[in-house]
Amino acid sequence: MGRSYWFECPKCGYRTKVSGRADRGLSFFVQTLLCRDCKELYDAVTRLKVPDEPGGLRTLAGLDRVKFMKPSPVIIAPPTFQAVLNRLPPKGVKRYKWLPVKLQCPVSALHRVRSWNDPGPCPKCGVFLEKSALPYRLWD
Ligand SMILES: [Zn+2]
Ligand SMILES: [Zn+2]
């Protein structure tokens, strides 16, 4: 079960809802990222559970941004947090495996990102963000 929180900057008013750390749901892992080019925080998918059987990866077809690196699969164009959240679990699959996902900004793979953990600085002005006491949302 993952949790998202509101984070708000007391100085510039920047506001966003992210997990603020590494977190996991039933079918994927996330990590909050700070993109230095966008000056935004994002929840990025870092691991995705996929069917471990022939043709199993095709069930990811709805996730149109998935591309794999060969020979060992690493997802290099990860789906967005929202896309995996809305994904329906494939039916009749008995075995799964976890695929690592390359950390990158959802806007551009060329952007410079690093992981961001609460308590951490505002991506706009650098003041520490304040976290809401209650989760904004429970997911997966
Ligand atoms: Zn700020
Ligand atoms: Zn970016």
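Q: In which strand is alanine 44 found?
A: This is a predicted model. Read along the sequence, its chain follows the pattern β-β-β-β-β-α-β-β-β-β. Alanine 44 is found in strand S5.

Q: Is alanine 44 buried or exposed?
A: A residue counts as buried if 20 or more other C-beta atoms lie within 10 Å of its own. Alanine 44 has 23 other C-beta atoms within 10 Å, so alanine 44 is buried.

Q: Which residues does alanine 44 touch, not counting residues up to four places away in sequence?
A: Contact here requires C-beta atoms within 7 Å. With residues up to four places away in sequence left out, the residues that alanine 44 touches are Val30, Gln31, Leu33, Pro78 and Leu103.

Q: What distance separates the C-alpha atoms of alanine 44 and serine 115?
A: Alanine 44 and serine 115 are 71 residues apart along the chain. The separation of their C-alpha atoms is 9.3 Å.

Q: Which element gives the largest share of the largest nonpolar core?
A: This core has 23 residues, and those touching the most other members are Leu33, Leu34, Leu41, Tyr42, Val45 and Leu48. Two or more residues come from each of strand S1 (2-8), strand S4 (28-35), strand S5 (40-51) and helix H1 (81-86). The largest share, six residues, is that of S5.

Q: Which residues are in contact with tyrosine 42, leaving aside its neighbours within four places in sequence?
A: Tyrosine 42 is one of the core residues that touch the most other members. Once its neighbours within four places in sequence are set aside, the contacts of tyrosine 42 are Val18, Leu33, Cys35, Cys105 and Pro106.

Q: What is the phi of lysine 39?
A: Most residues other than glycine have a negative phi. Lysine 39 is a residue other than glycine with a positive value, and its phi is near 55°.

Q: Which residues does a cis peptide bond join?
A: Most peptide bonds are trans. Proline 119, in the loop between strand S7 (113-115) and strand S8 (130-131), takes part in a cis bond with omega of about 0°. The residues joined by this bond are aspartate 118 and proline 119.

Conventions. Residues numbered from 1 in each chain as written. Chains lettered and ligands numbered in written order. Predicted model: local features only at pLDDT ≥ 70, side-chain atom pairs only at ≥ 80, totals over all residues. Core = buried A, V, L, I, M, F, W, Y, C linked by C-beta atoms within 7 Å. Buried ≥ 20, exposed ≤ 12 C-beta atoms within 10 Å, placed from the backbone. Helix = DSSP H or I, 4+ residues; strand = E, 2+ residues; numbered from the N terminus. Contact = placed C-beta atoms within 7 Å.
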